[in-house]
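Subject: The structure you asked about

Hi,

Here's the structure, ready for you to open next to the sequence. Have a look at it first, and then read on for my notes.

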Amino acid sequence: MEFTDALKQTGPCSFSPNSRFLAVAVDYRLVIRDVLSLKVIQLFSCVDKIIYIEWAPDSEYILCGLHKRPMIQAWSLLQPDWTCKIDEGPAGIAYARWSPDSRHILTTSDFQLRLTVWSLVNTACVHVQWPKHASKGIAFTKDGKFAAVCTRRDCKDYLNLLSCHSWEIMGVFAVDTLDVADIEWSPDDSALVIWDSPLEYKVLIYSPDGRCLFKYQAYDSGLGVKTISWSPCGQFLAVGSFDQMLRVLHHLTWKTFAEFMHISTVRAPCNVSVFKEVDEPLDVSGLCLGGDFLDGPENGVEEPSRVRYEVVEVPVTLPFQKPPTDKPNPKQGVGLLSWSCNSKYICTRNDTMPTALWIWDISYLELAAMLVQKDPIRAAAWDPTCTRLVFCTGSSHLYMWTPSGAYCVSVPLPDFSVLDLKWSSDGSCLLLKDKESFCCAAVPILCEPSDDFSDD
C-alpha cells in the first residue's frame, strides 16, 4: 500500500460518487481535491464552520450544513461562480440532503415542523408537514423515481410516497409502529423495511402500495432492533438486536433462516479462524543504537515492536464489558453490521465485546473468522469491488481481512491514529481520518473468483 502525506481537516471528508474528487472541510472552508494527486481543484468559503457535507449523485454539486446557522450553502464544481443559499429563517434547518436527480435539495426544519423540497432549476419549493426525523426517515428508490417519507401526526406514524419528478404525494398510509426509527428500500425497490424504536421490537415489510407483507418480532420484552441492513443482492435482510443476536431474513418468505449469536467464549466444534492482534518485539541486536535507546523501559522508552496477527485455537474467551443498568443507550447488542459486496459475508461487532470483529459466512451459515484486537473497533468498511474488509481501532495501524487471511498495515505517518475510514466508490482509494488530519491510501487490486449470489 502507498500512503499520502497527512493533510489538515476539521470536519467531514467525503469522496464524490464518481470517485474523482475528495471534499474536505477545514473550518469554514470547503476544499475540493483531485483524488489521484490530492491537488486543490476548488476552494469555497462558507459563512460558518462546516458540520456536514453531501455530494449530489452526479458529483457536480455539493452542499454544506453550517454550525448554528439556519441555512445551508451549495456549490458547483463546473460553475465556480454559481452559489446557492437556502435559509429557512426562524424555522431553522436541522438537516439537508440531495434528491436523486441532483437538482433538488430536501431540508428538514428544526423540531421537524416541515420537510421542504427546493428546486435549483426554477426556485420552486414543495412542503411536507410533520416529518418524523431530521436525518433519518427518508429513503429514495434506487431508480430515483420515488421517495418514502415518514411523518407523524395525531400520535400516529404514517408513510408518504412522493414522486421525485413532480414531488406530488402519490399515497399515504399508516404504519403499525409505536415510534418508527427508520426506513429503507430494498435493492430492487419492491419493498420497504420499517422498524420501530429500540423500546419495541418490530420489523415491518411493506409494499409500495401500503400492504404489510410481513411483521417480524423476535421477542416481546427488552430492547429491540439496533441495526438493519439489506444485502446488496436484495435476497437477505440482516437484523442486529440488543440481545446480541444477528438474524437474517429471506426475501421470498420473509422468514428467519439464520440466527447468529455473539457469545463471550467460542468453543469447538467450530471451523472459525481466530486472528489475535499481538505485539512482536523487533530484534535490534545487530543495529547501532544510541545509549539512551538501549536503556529501554527503565528510562520510559518503549522497546521497538511491530503488530501482527497470531492464529489461535478455540476455545477463545473474549473481553466482556457489562453495560451499566442506570444509564441510557447501553453499549450492548449488534452496533456494527455490514455486508460484503457479493452478499456472501457479514461483519458485525457486539458492543459488549467491542474488541472483537465477527465475520459470518452466509453460504455456509457459520462463523468464518474472528479478529480479536487490543483496542475497541471504531469503524469497518468492505471494499466495494471485492471481498476485502478494512477496519481501524484508533491506533496507528490499519487492519485487513480477506477469505485467505488477515494482516496488519502500519501507517507510515508520525503521530497518526486511524479514527475513521471510507472507501471511494470504485475501490481504488481509502480515506483515513485522524482527529485533525487525513491521508489517502492506494490499495492494490485484489483478484478473486466471482461467487456472487444470484436469483437462480
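Below is what turned up, going through sheets, loops, rings, charges and surface.

One thing to keep in mind throughout: this is a predicted model.

Let's start with an open sheet of 4 strands, ordered β7-β8-β9-β10 and paired antiparallel. Its edges are β7 (50-55) and β10 (83-87); each has a single partner strand, so one side of each is left without a neighbour in the sheet. From one strand to the next, the twist averages 20 degrees. Inside this sheet, β8 (residues 61-66) and β9 (residues 71-76) run antiparallel and are joined by 5 bridges.

The antiparallel pairing of β20 with β21 (residues 203-206) runs over 4 bridges, and Leu-192 sits opposite Tyr-206 in β21.

Which residues are joined by a cis peptide bond? Val-314 and Pro-315 are, with omega at about 5 degrees. You'll find Pro-315 in the loop between β29 (305-312) and β30 (316-317).

- Leu-38 has phi near 60 degrees. Its loop runs between β5 (29-34) and β6 (40-45), and with 10% relative accessibility Leu-38 counts as buried.
- Asp-189 has phi near 65 degrees.

Over the whole structure, 19 aromatic pairs come up. One of them is Tyr-345 with Trp-401, an edge-to-face pair at 5.4 Å centre to centre and 75 degrees between the planes. Tyr-345 belongs to strand β32 (residues 345-350) and Trp-401 to strand β37 (residues 397-402), so this pair ties together parts that are 56 residues apart in sequence.

**Salt bridges**

As a reminder, side chains of opposite charge can pair when their charged atoms come close. The search of the whole structure gives 18 salt bridges, and here are a few to look up.

- Glu-60 and Arg-103 meet at 3.5 Å, N to O. Glu-60 is in the loop between β7 and β8, while Arg-103 is in the loop between β11 (95-98) and β12 (104-108), so the pair ties together parts 43 residues apart in sequence. Glu-60 is buried at 15% relative accessible area, whereas Arg-103 is partly exposed at 26%.
- Arg-306 and Glu-280 meet at 2.6 Å, N to O. This pair links distant parts of the chain, with Arg-306 in strand β29 and Glu-280 in strand β28 (residues 273-281), 26 residues apart. Arg-306 counts as partly exposed at 48% relative accessibility, and Glu-280 counts as partly exposed at 22%.
- Asp-383 and Arg-388 form a salt bridge whose closest N and O atoms are 2.9 Å apart. Asp-383 counts as buried at 1% relative accessibility, and Arg-388 is buried with a relative accessible area of 3%.

Salt bridges also link Lys-132, Arg-152, Asp-157 and Asp-179 into a network.

Last stop: Phe-111, Leu-113 and Trp-130 make a nonpolar surface patch of about 380 Å². Trp-130 comes from the loop between β14 (125-129) and β15 (138-140). With a relative accessible area of 43%, Trp-130 is partly exposed.

Cheers

Note on methods
Residues numbered from 1 in each chain as written. Predicted model: local features only at pLDDT ≥ 70, side-chain atom pairs only at ≥ 80, totals over all residues. Heavy atoms only, no water. Patch = residues over 30% accessible without salt bridge, like charges linked within 9 Å, V, L, I, M, F, W, Y side chains within 5 Å. Areas by Shrake-Rupley, 256 points an atom, 1.4 Å probe, with all protein chains shown as cover. Salt bridge = Lys/Arg side-chain N within 4 Å of Asp/Glu carboxyl O. Helix = DSSP H or I, 4+ residues; strand = E, 2+ residues; numbered from the N terminus. Buried < 20%, exposed > 50% of the residue type's maximum accessible area, 1.4 Å probe, protein only. Pairing = 2+ DSSP bridges. Axes fitted to C-alpha atoms, helices over the stretch in contact; angles between N-to-C directions. Phe/Tyr/Trp six-rings, centres within 6.5 Å; stacked < 30°, edge-to-face > 60°.
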